[in-house]
Amino acid sequence: MGTKLKALKVGDKLGNWTLVEAIDSGGNADVWRASHSDYPNAAIKILRDLGEEPYARFRNEISALQKLDDLKGIVPMLDFCFPDGKSARPWYVMPLATGSTEFLKKADKRSIVLGRR
């Protein structure tokens, strides 16, 4: 098992982003709604387990998002931090997506197929 850091809480800051509310949690990372002066509603994914494998996978995830940034249909990465040492949490930020339940409530058949309203 990898290095674990203190639990995150509402109001904590990562870079210029302030954690607003926890959205979800997985085996190695947490996702929070976050705000920034220029972007008040975003999702920030924060690596929780700094073990060697999760750390490498997260680095690869950030790298893949950077390479796919201009590809239509891929949610863009707004900001990220991948510190050299393992004393700080790596994280990245993306626009907060509309949940599928909410999207499907307001979408017609064509919108569902195309993935946009």
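Biologist: What should I keep in mind about the source?

Modeller: The model is predicted, so local features need pLDDT of at least 70 and side-chain atom pairs count only at pLDDT 80 or more, while totals for chains, interfaces and linings use all residues. Residues are numbered from 1 along each chain as its sequence is written, and side-chain values use heavy atoms, with hydrogens and water left out.

Biologist: What makes up the secondary structure of the protein chain?

Modeller: Three helices and six strands, in the order β-β-β-β-α-β-β-α-α from the N terminus on. Helices (H or I, at least four residues) and strands (E, at least two) are DSSP runs, numbered from the N terminus.

Biologist: Why are E5 and E6 called paired?

Modeller: Two strands pair if DSSP finds at least two bridges between them. Three bridges join E5 to strand E6 (residues 91-95), so they pair, and they run antiparallel. Cys81 stands opposite Trp91, and Phe80 opposite Tyr92.

Biologist: How do you know that E4 and E6 pair?

Modeller: Again by the bridges: E4 and E6 have five, in the antiparallel sense. One of the partners in E6 is Pro95, which is bridged to Ala42.

Biologist: What is the strand order in the open sheet, and which are the edge strands?

Modeller: The order is E1-E2-E3-E4-E6-E5, with antiparallel pairing. Strand E1 (13-14) and strand E5 (79-81) are the edge strands because each pairs on one side only.

Biologist: What makes you say that helix H1 touches the sheet?

Modeller: Contact means heavy atoms within 4.5 Å. Helix H1 (residues 52-67) packs on the sheet and touches strand E4 (39-47), E5 and E6. Its direction makes about 40° with that of E6, where axes are lines fitted to C-alpha atoms, for helices over the stretch in contact, and angles run from 0 to 180 degrees between N-to-C directions.

Biologist: Why is Asp49 called buried?

Modeller: Buried means under 20% relative accessible area, exposed over 50%, partly exposed in between (1.4 Å probe, protein chains only). Asp49, in the loop between E4 and H1, has 8%, so it counts as buried.

Biologist: And why is Arg59 only partly exposed?

Modeller: Arg59, found in helix H1, has 40% relative accessibility, which lies between the two cut-offs, so it is partly exposed.

Biologist: What makes E6 mostly covered?

Modeller: Five of its five residues are buried. For the protein chain, 31% of the 117 residues count as buried.

Biologist: Which contact does the side chain of Asp49 make, and why is it called polar?

Modeller: A polar contact is a pair of N or O atoms within 3.5 Å; within protein, one must be able to donate a hydrogen and the other to accept it, and residues adjacent in sequence count only if both atoms are side-chain atoms. The side chain of Asp49 reaches the backbone nitrogen of Gly51 at 2.8 Å, so it is within the limit.

Biologist: Why is the largest set of nonpolar residues called a core?

Modeller: A nonpolar core is a set of buried Ala, Val, Leu, Ile, Met, Phe, Trp, Tyr and Cys residues joined through side-chain atoms within 4.5 Å. The largest has 11 residues, including Leu14, Trp17, Ile44 and Trp91. Its largest share, three residues, comes from E4. A second, separate core of nine residues includes Leu50, Tyr55, Leu65 and Met94.
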